[in-house]
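Hi,

Here is the structure I promised to pass along.

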Amino acid sequence: MVIRRVLAPRIDFGALRRELGLPDDYPQEARREADEAAAAPPRPAVDRTDIPLVTVDPPGSRDLDQAMHLSRRAGGGFRVRYAIADVAAHVRPGGALEEETWQRGQTVYLPDGNVPLHPHSLGEGAASLLPDVDRAAVLWTIDLDADGATTAVRLERALVRSRAQLDYPTVQVDADAGRLPEPIALLPEIGALLTTRGLRRGAINLPIPEQDVEADGDGWRLVLRAPVPMEEHNAQISLLTGMAAADLMLAGGIGLLRTMPAPKPEAVQRLRAAAAPLGVHWPDEVSVGELLLGLDPGQPRDAAFVDQAAELMRSAAYTAFDGELPEQSTHGGVAAAYAHVTAPLRRLADRYATEVCLALHDGRAVPDWARAALPRLPAAMAATDRVASTASRGAIDLAEAVLLQHRVGQTFDAAVLDVTAPSNGRGNRPPGGTVALDDPPVRARCLGELTLGTRVRVRLVTADAATRSVAFELA
């Protein structure tokens, strides 16, 4: 589970890379296959280059998985056309490149550079939906009624051409000024409709902030940046497509779902207890999702609450099935059946799930190479999720240790978010828990007799960049 996106370009993350065994380069044969595929990209028979698609991503992105065009339907409602990079058309089943992508599983993001799933010649080149070039894509066409409910789904392999590469900050400025480009002019309206439908289902969307560690004189300062509203609207299009994919697979009796039990009531109660000391007002009738929607994760206390809410989402898994439908078929955070299909440049599972959807939609057999991969994918993705999560957490821990290393012995105001009891009743593990500082916005372990939902004064006892450890004690 990614808690925050970290920007800290002046900090060396090399030790973390080595500890996780992250690869520096690709095997020669895998790179050769990627370069050959990039030199002779596929050209699908269906030409949809007339659709004026655009991409919307973080500034500077090159691995562009998705492009969209939104329009109103003549009879009412909306049409969402969502083109997804057709990675399977570039990667030969059984080849060295496919094998290497199974070893990697997903792109791992670190503040000093990414460890990509695919070589740059594909992931940031011939397979990426860059502007003003023809690209192979899987094009989803999803029709919605006026309330945002899905009424029809079609998908096909097609040749597409993005007209522009847009980024979130610029798009948000344009949205605020009422001058969004035509392909995404309806994104705020459709995104809001889909968000409302999700909240009615009980969906939980985490507004993950960006954490920037900047030099400040002889020390450092930590800056939180909340996601702009257009990021959430954009995410809703991806969720819409993932739900359509899950419905296709469940109807066809074969596929790969992203599943998670609904949060347990006791976990929600612990989260509710953490709200008060953070100054987060949580009325009884408001759901977790509704509460999160109203927070500003650019503010330290709200960001700490979002971090704690992420604990509700830690039991997500991939569930493969072929014939008998799985007992757990829904995702508690989405509050619906859901599948990963919209990020194949960055996530291995999407390539195979998409191939299943194409076959089911066309009424043909799922290709043997895709069908055979399904039962292997949950374990492979669980392993790579652990690596990515450790990398994300390790990057945050290192950044926070660097931020605090000159402040050992100082005291801070904090909120108690969680409490850990001593183990086995024999004192092997001292009492303590998790606290969130008001300033800087750091969440860390604290020793002492803590009471959940209270405010305390804590003393920094450890801030070690070498071990990426930060610890406090009750002052």
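Starting with overall shape: a compact globule of 475 residues would have a radius of gyration near 23 Å, and the chain agrees, because its own value is 23 Å. That radius is taken over C-alpha atoms, and the globule rule is 2.2 Å times the number of residues to the power 0.38.

Before you read on, bear in mind that this is a predicted model, where local features need pLDDT of at least 70 and side-chain atom pairs count only at pLDDT 80 or more, while totals for chains, interfaces and linings use all residues. Residues are numbered from 1 along each chain as its sequence is written, and side-chain values use heavy atoms, with hydrogens and water left out.

The whole chain

Along its principal axes, the C-alpha trace spans about 70 × 55 × 50 Å. The chain has 13 helices and 15 strands (DSSP runs numbered from the N terminus: H or I of at least four residues for helices, E of at least two for strands). Of the 475 residues, 52% are buried, meaning under 20% relative accessible area with a 1.4 Å probe, protein chains only; over 50% is exposed, and in between is partly exposed. Taking contacts (heavy atoms within 4.5 Å) with a separation of 6 or more, 72% are between residues 24 or more positions apart.

Where two helices meet

Helix H3 (residues 96-104) and helix H11 (residues 348-362) have axes that come within 9 Å and cross at roughly 120 degrees. Axes here are lines fitted to C-alpha atoms, for helices over the stretch in contact, with angles from 0 to 180 degrees between N-to-C directions. On the H3 side the residues are Glu98, Thr101 and Trp102, which meet Leu348, Arg351 and Tyr352 of H11.

Thr101, in H3, is buried at a relative accessible area of 0%. Beyond its neighbours within four places in sequence, Thr101 contacts Leu117, His118, Leu348 and Arg351.

One more residue

Trp140 sits in strand S5 (residues 134-144) and counts as buried, at 0% relative accessibility.

Cheers
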